[in-house]
Amino acid sequence: MSVLVTGSTGLLGSEIHALSPGAIGLSSKECDLTESNHAILTLEEGRVDTVIHCAARVGGVKANIDHVADFFDDNIKMNMNVISACKERNLKLVSVLSTCIYPDASYAKYPLTEDQIHAGPPPQSNFGYAYAKRMLEVQSQAYRKQFGCNFISVIPNNLYGPNDNYDLNSGHVIPALIRKFYEAKIFGYKSVDIWGSGKPMREFTFARDAAKIILWLSENYDGDEPINIGNPEQVSIMDLAYIIAEEIGYYGDRNFDSSKPDGQYQKPSLNEKLKSLGWKGEYTSLRNGLRETIKSFEIRYPNVRGVIIA
Ligand code: GDP
């Protein structure tokens, strides 16, 4: 299998790129997929047979609320471009969705199963992103039906790993807390702000685990149903903060900032379909994944994505 990875310098795309020898990586610097699908359309004949589409405008709970229209627009445009190019070049397409596209708590039955994606509106905190990603799944299914395209979709939960975005406004909770606790330790801050109440529960999957599963599915799955691929172990944000502080060695205070959004209370997912397809791999434990991520952050700091030191 020869692969092209979109979003190849991002958290997930970089892991997929690293795991697939000979893969072509496409980053936003090389091609703005919101504007053009030229980079895929002009691939040399036979050079690639599968596109793993990781490129997306992604962000944490606050960025999704503050820039709801941008999250919708950019993702819709990218997805339309990638889908049309894959159809034109007759390529397999693996699209990456997210558990945040599932219906809000008042409509969802937990744990979340793949048949529930359209069972109600998504949470307001992810409105634009979730609808754009749902449309990616709808469009993939439509192209399967009308044109016989080999398009599949996978649904990870919250991903984390070494190549994350450490910007405190646009990033997710794990990179934000790693950065905050680390800077508090080295600069001697008395306390660290944690957004919201600390009560929400999340499932976290190490990005390399997700990359392995996606590569496996790209070779072993050709069905119209999307597949949940995340580690279904839940942890509260409060406990997560405790583990990160402990791994970093920060012993100051933790201050829960109720002026910041909690987002959804939980979004637990079920990965039985993945297992029934024959996937037998183990997930990296949260503690071990965090340890590797923190180590990589500490070695590279301040030269990590999202940290700008004036
Ligand atoms: P979500 O799963 O889309 O809500 O993504 P996030 O990673 O942005 O947030 C997960 C949870 O972590 C939410 O309940 C946030 O309120 C909480 N959280 C606590 N501190 C932070 C922080 O510094 N940054 C972010 N992004 N979330 C935080």
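This is a predicted model: local features need pLDDT of at least 70, side-chain atom pairs count only at pLDDT 80 or more; totals for chains, interfaces and linings use all residues.
**Entry 1. The ligand shell.**
I began with the residues around the ligand. There are 16 of them, and V61, K180, R202, P261 and D262 come nearest. I then sorted the shell by class and got eight nonpolar, four polar and four charged residues.

I looked up which protein atoms sit by the nitrogen and oxygen atoms of the ligand. For a ligand nitrogen, I found a backbone N or O atom of W195 at 3.0 Å. For ligand oxygen, I found a side-chain N or O atom of R202 at 2.8 Å. I also found a side-chain N or O atom of K267 at 2.9 Å from an oxygen atom of the ligand. On its own the ligand has 530 Å² of accessible area, and the protein covers 98% of that.

**Entry 2. Which elements supply the shell.**
I asked which elements give two or more residues to the shell, and noted α6 (173-187) and β7 (191-195). Helix α6 gives the most, with three residues.

Is E183 buried or exposed? Its relative accessible area is 11%, and the cut-off for buried is under 20%, so I logged E183 as buried. Leaving out neighbours within four places in sequence, I listed G188, Y189 and Y301 as the contacts of E183.

K185 has a relative accessible area of 38%, which lies between the 20% and 50% cut-offs, so I logged K185 as partly exposed. With residues up to four places away in sequence not counted, K185 touches I248, G249, Y250 and E298. I also took one distance from K185: C100 is 85 residues away in sequence, and the C-alpha atoms of the pair are 32 Å apart.

**Entry 3. Helix α7.**
I checked the length of helix α7, residues 207-220. Its 14 residues should span 20 Å at 1.5 Å a residue; I found the end C-alpha atoms 20 Å apart, which agrees. Which residues of α7 are buried? I listed A207, D209, A210, A211, I213, I214, L215, L217 and S218. For reading such a list, I noted that an α-helix has 3.6 residues a turn, so residues three or four places apart point the same way. In α7, the buried set includes A210, I214 and L217.

Conventions. Residues are numbered from 1 along each chain as its sequence is written. Side-chain values use heavy atoms; hydrogens and water are left out. Helices (H or I, at least four residues) and strands (E, at least two) are DSSP runs, numbered from the N terminus. The expected span of a helix is 1.5 Å times one less than its number of residues. Buried means under 20% relative accessible area, exposed over 50%, partly exposed in between (1.4 Å probe, protein chains only). A residue is near a molecule or strand if one of its heavy atoms lies within 4 Å of it. A polar contact is a pair of N or O atoms within 3.5 Å; within protein, one must be able to donate a hydrogen and the other to accept it, and residues adjacent in sequence count only if both atoms are side-chain atoms. Accessible areas come from the Shrake-Rupley method with a 1.4 Å probe; for residues, only the protein chains shown count as cover. Ala, Val, Leu, Ile, Met, Phe, Trp, Tyr, Cys and Pro count as nonpolar, Asp, Glu, Lys and Arg as charged, and the others, Gly among them, as polar. Contact means heavy atoms within 4.5 Å.
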